[in-house]
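Work through the exercises below with the sequence and the coordinates at hand. Each task is followed by a stepwise solution.

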Amino acid sequence: MSSILIKKAKVITTMNANKDQLKDHDILIKDKIIHKISPNIDVSNEQIDEVIDGSKYYVYPGLINTHHHFYQTFTRNIPQVQNVELFDWLKFLYPIWSKLTPEVVYYSTLVATAELLKTGCTTSVDHFYVFPKNQPPDLLDNEFYAAKEIGIRLHGSRGSMSLSEKDGGLPPDSVVQTEKEILKDSQRVIEKFHDPSPFAMHRVILAPCSPFSVTSTLLNESIKLAREYSVCSHTHLAETKDEERFCIDTFGKRPLEYMESLDWLGSDVWFAHGVHFNEEEIDKLALTKTGVAHCPVSNSKLASGAAKIPSMLKKGVKVSLAVDGSASNDSSNMILEMKTAFLMSRLIYGINAITSEDVLNIATKGGSEVINQPEIGSLEEGKAADMFLVRWDRLGYTGGFYDPISMIINTGDSQIVDITIVNGEIVVKDGELVKVDERKIIEKANELSKRMLEA
């Protein structure tokens, strides 16, 4: 195991219980863990593999992205869907996504996670739910292989769709599976990839896509299987008014009431978006400890609305931050997502609605609480060595480095960080990826993307 010493960091933003900001402190990383944080750590008897001059840097906990669709990096910025809302957007893109291959899944994962790592994200959830009938059933496995190669901490979702257009759903028949196929493969993926141990780099989530793309039976059987294996569950919910009308017309219930009827509430569940929860439903989320992944950029671009994040935070809902899929964002930039979250809540709910500290908290500690991995999300002794560093003397921070938290969210002419450390390993250095060849990934990814759109 390697060891790293960050010497005299200018400011360490810990996001611990006291929100301490430590000046001129050292951080000693040993065996993937933060071994010590203190001024002037004595390492005379230690074997240190790398020393970083921390006086040049502000240090932050690694950001945690709790909802994404990596494969969408190959279908972003398509002109035909730049001005349509969610349902029409999906109907146009599903046929293109039906051309996914193992190679596309692998390289799209590298592209998405590379963007995340370079913008301070050290842990990501991915929601993969498109399984074309003409492809191998183990498509999801390629995400775990790519994540291991690039060095990001991955919570991979075995998603699913069982309702095609002929059944009253949105996706074409070519990308849906039977309930038997889905549940069998969900069990396989858990047994192959899920690591329940602390500091795990790979975990599995079960994630039927949405109320309008799966049956009630599948939702119910999926949550039972997840709880049998003690894994978390996740889906889209309350994203648009169209979805709300669908649930009322089809099930006679609002989206959250429908999910509650299927036992889909609890500390092992979180929903992406939550834009259209009312106050009574927010109370229910808080009471049941059910989480929310806030996706402000995607919600803005698709005109879905603004989630009531200030109310959720006030009532104690577990709130996290997410970039959503790259076809609706269209990037995987977690620092920009923080800025958008800050500005959206201020614009809609007023000047006192949210602070920069609130936003950084949901992007770090909030994420760790939602995905139930408490050893990440803050910089403390004994926690995972997941963090990012930015030089304080950049042009974009000039004249604005008085508050490190507001600085990283609201200022800067680039969101590319200088150093990212995941699980005690440097994976971004001087703003460049360490473990993979970025140029080769870009060339291959563009080739595959073009092939998908032209086929």
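The exercises concern a predicted model and cover its domains, the interface between them and its nonpolar cores.

**Exercise 1.** State which residue ranges make up domain 1 and domain 2, and how far apart their centres lie.

Solution. 
- Step 1: The domain assignment gives 3–61 + 386–433 for domain 1 and 63–371 for domain 2.
- Step 2: Taken over C-alpha atoms, the two centres are separated by 30 Å.

**Exercise 2.** Describe the interface of domain 1 and domain 2 by contacts, buried area and salt bridges.

Solution. 
- Step 1: Contacts involve 26 residues of domain 1 and 28 residues of domain 2.
- Step 2: About 2400 Å² is buried between the domains, with carbon and sulfur atoms giving 68% of this area. Of the area that domain 1 buries against domain 2, 27% comes from Met-15, Ile-409 and Gln-415, more than from any other three residues.
- Step 3: One salt bridge is found across the interface.

**Exercise 3.** Which residues touch the most other members of the largest nonpolar core, and where do its members come from?

Solution. 
- Step 1: The core has 113 residues, and Trp-97, Phe-271, Phe-277 and Met-338 touch the most other members.
- Step 2: Helix α2 (residues 102–118) gives the most to this core, with nine residues.
- Step 3: Domain 1 and domain 2 each supply at least three residues to this core.
- Step 4: A second, separate core has 18 residues, including Ile-27 and Ile-426.

Technical notes
Residues numbered from 1 in each chain as written. Predicted model: local features only at pLDDT ≥ 70, side-chain atom pairs only at ≥ 80, totals over all residues. Heavy atoms only, no water. Core = buried A, V, L, I, M, F, W, Y, C linked by side-chain atoms within 4.5 Å. Buried < 20%, exposed > 50% of the residue type's maximum accessible area, 1.4 Å probe, protein only. Helix = DSSP H or I, 4+ residues; strand = E, 2+ residues; numbered from the N terminus. Domains from an automatic or database assignment. Contact = heavy atoms within 4.5 Å. Buried area = accessible area lost by both parts, 1.4 Å probe. Salt bridge = Lys/Arg side-chain N within 4 Å of Asp/Glu carboxyl O.
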